[in-house]
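Have the structure open as you read.

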4 protein chains.
Amino acid sequence: MPVPSPVLYPAFNVIRLSHVELAVKDLAASRAFYVDLLGLQVSHEDAEAIYLRAMEERGHHCVILRKADAPCVNVLGFKVFAEADLDAAHKFFADQGLPVAWVERPFMGRTLRTADPHGIPLEFYAKMDRLPPIHQQYALYHGVKPLRIDHFNCFSPDVDASVAFYNSFGFRVTEYTEDEGSKKLWAAWMHRKGGVHDMAFTNGRGPRLHHLAFWVPTPLNIIDLLDLMATTGYVANIERGPGRHGISNAFFLYILDPDGHRTEIYCSDYQTVDPDLEPIHWDLKDPQRQTLWGAPAPKSWFENGSAFANVAARDAVLTAQPIIAP
Amino acid sequence: MPVPSPVLYPAFNVIRLSHVELAVKDLAASRAFYVDLLGLQVSHEDAEAIYLRAMEERGHHCVILRKADAPCVNVLGFKVFAEADLDAAHKFFADQGLPVAWVERPFMGRTLRTADPHGIPLEFYAKMDRLPPIHQQYALYHGVKPLRIDHFNCFSPDVDASVAFYNSFGFRVTEYTEDEGSKKLWAAWMHRKGGVHDMAFTNGRGPRLHHLAFWVPTPLNIIDLLDLMATTGYVANIERGPGRHGISNAFFLYILDPDGHRTEIYCSDYQTVDPDLEPIHWDLKDPQRQTLWGAPAPKSWFENGSAFANVAARDAVLTAQPIIAP
Amino acid sequence: MPVPSPVLYPAFNVIRLSHVELAVKDLAASRAFYVDLLGLQVSHEDAEAIYLRAMEERGHHCVILRKADAPCVNVLGFKVFAEADLDAAHKFFADQGLPVAWVERPFMGRTLRTADPHGIPLEFYAKMDRLPPIHQQYALYHGVKPLRIDHFNCFSPDVDASVAFYNSFGFRVTEYTEDEGSKKLWAAWMHRKGGVHDMAFTNGRGPRLHHLAFWVPTPLNIIDLLDLMATTGYVANIERGPGRHGISNAFFLYILDPDGHRTEIYCSDYQTVDPDLEPIHWDLKDPQRQTLWGAPAPKSWFENGSAFANVAARDAVLTAQPIIAP
Amino acid sequence: MPVPSPVLYPAFNVIRLSHVELAVKDLAASRAFYVDLLGLQVSHEDAEAIYLRAMEERGHHCVILRKADAPCVNVLGFKVFAEADLDAAHKFFADQGLPVAWVERPFMGRTLRTADPHGIPLEFYAKMDRLPPIHQQYALYHGVKPLRIDHFNCFSPDVDASVAFYNSFGFRVTEYTEDEGSKKLWAAWMHRKGGVHDMAFTNGRGPRLHHLAFWVPTPLNIIDLLDLMATTGYVANIERGPGRHGISNAFFLYILDPDGHRTEIYCSDYQTVDPDLEPIHWDLKDPQRQTLWGAPAPKSWFENGSAFANVAARDAVLTAQPIIAP
């Protein structure tokens, strides 16, 4: 089995994925998409950036939209358990020769900026401004009723290497696909917060962000969003779904924002807090791993992703196409 | 506009579509599909046939599965308001030179057997055995929780002719697609019972049955069925969906039985009892008429249908392919 | 059995219930309730009245809110099949010595104003202004996503008499409760449009309107409305529910508008177009007839109703309290 | 504020609540309730006991039904992170003079048996037999489709003391109600696994188990269960609901098993993994804390609970009745 054993006592304690900063060309168009259409709430906005949170979040933001000349992903953010974990993380990344810096970030406490071995820009923090609960202000709910950011999914040019690295600081694999011939990983889903994933990697030219995801209450909210997108000028932004993933068992929809950044709307995966949870193996040739109901994903879904700022992507080590590409 | 004016006082009063008799090769396999998987209830079964009803129906049957050497559709059944309507129907069809016969049918009263001008075998009746209500026996609900048969959809080689004929005895058009060049109808949806349709016609080699449909409570029941089919050996029987039709606004799924007969699982169309309800026109080039959310239907969905017993299909008068075929 | 045989060929053809005019004390407060909270769409508004329709309706209005010094119900409206039915209705009511008048009503064609034997003010029309479809303008959906007006329910001082009268012009009983001792009807549900009811009568001081009802897509829309009401200052306007009725099998919620007019939010009853549909009998002592799940209704629900304009209510002929009052 | 500060680095690491052993008088009746009605899966059964798991669980059991002469609760079980945590727990409880014993339990590894200061029997383990995943065997889903055990709720005679004790080994308070006069806790919800609670305490004669709870996919599954219970002889087992809790924001239903043990069916609370999550304070006089929609709970819900085996309950320190008792 290609999945490494979990590191149960990692050097520092990551609690969960936290936020993403997306570079976007037109703040107003992105605001229309994330706020008016999807239903995220604005925590702060100025001429350069808009900070958003989902309905049950009390941290200040899960998405930052930042005005830029060209779209890309500036950073993926993670919350650690305590300040001491930040220092331990600083040492952990520095010891491996990865770039480390303490950076100032609005609305956040001490923040460690670093990158993973493939260059994905990461930031870690323990404290972010806390906002009053709004999860019972039902008049604010609209769009798809996003409850919280759920996960990131990245193209990796070497999934085994990505998994080994995130595993080394405590991310645990819940499900994975391997190439039966080479016994190399094709894709893997890894978590910290007790769901199927905080971070997933899929074989492909990378590093690139494949998508971010929001958790919503039920599949009917996804159907409501589809109806809304289809009748408000966003039909071309619907890329794939709705459907049920074999992997994760989640009900899903993939949509594209005005810059092509992909968002998954996601619900109904399962609890994974047991440290002895056995990773589920999927055969690369099993079409139901992607869509339990059998429908193929479109070509764009396999190919397109968002570049990370100032990070060159390189070709993947596995070049075989997945059997189930359409 | 190519849609004929409704005949508000037709010669006889059809209440609703009622039932279909499907010729199937393997009664046990068909029973597994319609009873164990979909959740229809058995009203009667013997060595030759199985009679089924849906959960809120009190008529004896909405589907008859009849053992045969080759699959086809034996007849489409309709319920009329009263016995007098049967006599009026006999005269109506006979006057047009169409075949008429009074036939004996189990569990049904006096039954008129006839055919439409393209040869679709039809039967009309006023009285069918009535069964006790089971709609509140919730322990019986399973599968997709089918509540009632909703409609038939047929390929017609000449949709204008089909619509004119059914219109002449009171079916009213609710929505339609026309070919902008020839101003001929591509497809039309016609009702008697107050929903979007009891009967629809689509341009294509015919006459053939495109599908029958069952009404279910909510889209979540369709998602439940997909999960069940996907994990009980029926994944290849899922043909198209789930999705929202532009036409009818219904949430849909198309599945295939063991003989290839197509069933639509359907919910959430709208009430059409107003006699002055304006038919909704759809452009043949509008991809959202088929799927509001933009996803194309598979080729099989445009091409395959079930032959009617002893009826030769002929090519359609319109030969242009719909723009939105995949 | 106390239910009269249906009159299958009535003197005139009522298609469905159509609209209600409510006298309200504060148009702005009522607008906030019906438009902002429930999600009805404004067809017209001026200083004296607001006309509303639900999402799948194409007739101009289903509710008229009219400014008044004291709340009451001005009239219940019904749509007939054709103009000739209006003349037949005029004769029908006049022949029974009931008041008849042709009245001018905005947005409506020729309108017959009359009353039933207990004094309920009624109006009948064949033509109302038609509006473009909005059922696929999903950006307009909010609140409980009301799709269409579904029925009226009235207290009657003599349910047998009310049922006999409406039965005489074609309303058919679908379900009923009788007092086992006197064999008199306690309550009855009667329809024209093919659902469980357009009009129901319950024994009680009357005539008074017990409630009007809107059809919504699924029970989840009702849960959404409850969450919204509970957190926007309307928690005291929630009177009963959610629950499943034994009678009608519908999922329900009862709420009160600012003047105390009661609205039911309703979904998932069943199709009743068969003229030979057998009425379902319920025992007055069966608590599940009201709430299938067993929860009792509050006292207010049994007692309160809206007066009809200038109509004195009188005590009911049956005085026994229903067993299941809390 | 009466809520103690969280102990972020407790002496041992409890992952989650795990299981409960219920003493029941009639195994067959209890099996009918938990297996046939609710939809739990049997992992093992013999003449003395039945072991059950929910659909997404891979641990061997979450409920043990054990035949007994009188109903009670034998033990509440919790899973710890690793074997070392068991030893640390042994020391932790022994140091406080609480009973500790290593016990043999079928299907489980090394098991520590102990009790909390009020006498609630507890057991901790790190390893339980693991079973293959069944969460995608959709043919097995029925009843309410229980996905996992979610929490326990206990009457405590001294909620401050209970909260202080569980807080001391890492349980964190998410929401609480306090008595405004005495500033003592009336109730508190405490978690380890990242939801609103693994364990809650409510002021009342105790210790007694108020209820255990299962997580289900959506509110519609709860409605399905209500319909099923109401029509299969279990209507009297429905105690309270459905409704939305103010506290936890969950959609709920309370039902009683054949011995009177209470089960909550529960969904849609929120994620609580942030260690700096601020506990939400509710006023004892706010009726919406219990039911957001305003409906009161029945008297039985405030009074009845299940005794723990061989543990005498004592009166609560707070004797004022909650304002919102019916």
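Asp224(C) and Lys145(A) join their side chains in a salt bridge, with N and O 3.2 Å apart; the term covers a side-chain nitrogen of Lys or Arg within 4 Å of a carboxyl oxygen of Asp or Glu. The model is predicted: local features need pLDDT of at least 70 and side-chain atom pairs pLDDT 80 or more, while totals for chains, interfaces and linings use all residues. Residues are numbered from 1 along each chain as its sequence is written, chains are lettered from A in the order written, and side-chain values use heavy atoms, without hydrogens and water.

**Chain C against chain A**
- The rule finds two salt bridges across this interface.
- On the side of chain C that touches chain A, four residues are nonpolar, four polar and three charged; Asp, Glu, Lys and Arg count as charged, Ala, Val, Leu, Ile, Met, Phe, Trp, Tyr, Cys and Pro as nonpolar, and the others, Gly among them, as polar.
- Eleven residues of chain C contact eleven of chain A (heavy atoms within 4.5 Å).
- About 840 Å² is buried here, 66% of it from carbon and sulfur atoms; buried area is the accessible area (1.4 Å probe) that two parts lose on being put together, summed over both.
- Tyr138(C), Leu220(C) and Thr231(C) supply 44% of the area chain C buries against chain A.

**Domains of chain A**
- An automatic or database assignment gives domain 1 (14–129) and domain 2 (144–307).
- Between these domains there is one salt bridge, and Arg148(A) also forms a salt bridge with Glu56(A) at 2.8 Å between the closest N and O atoms.
- The two domains of chain A bury about 3,300 Å² between them.
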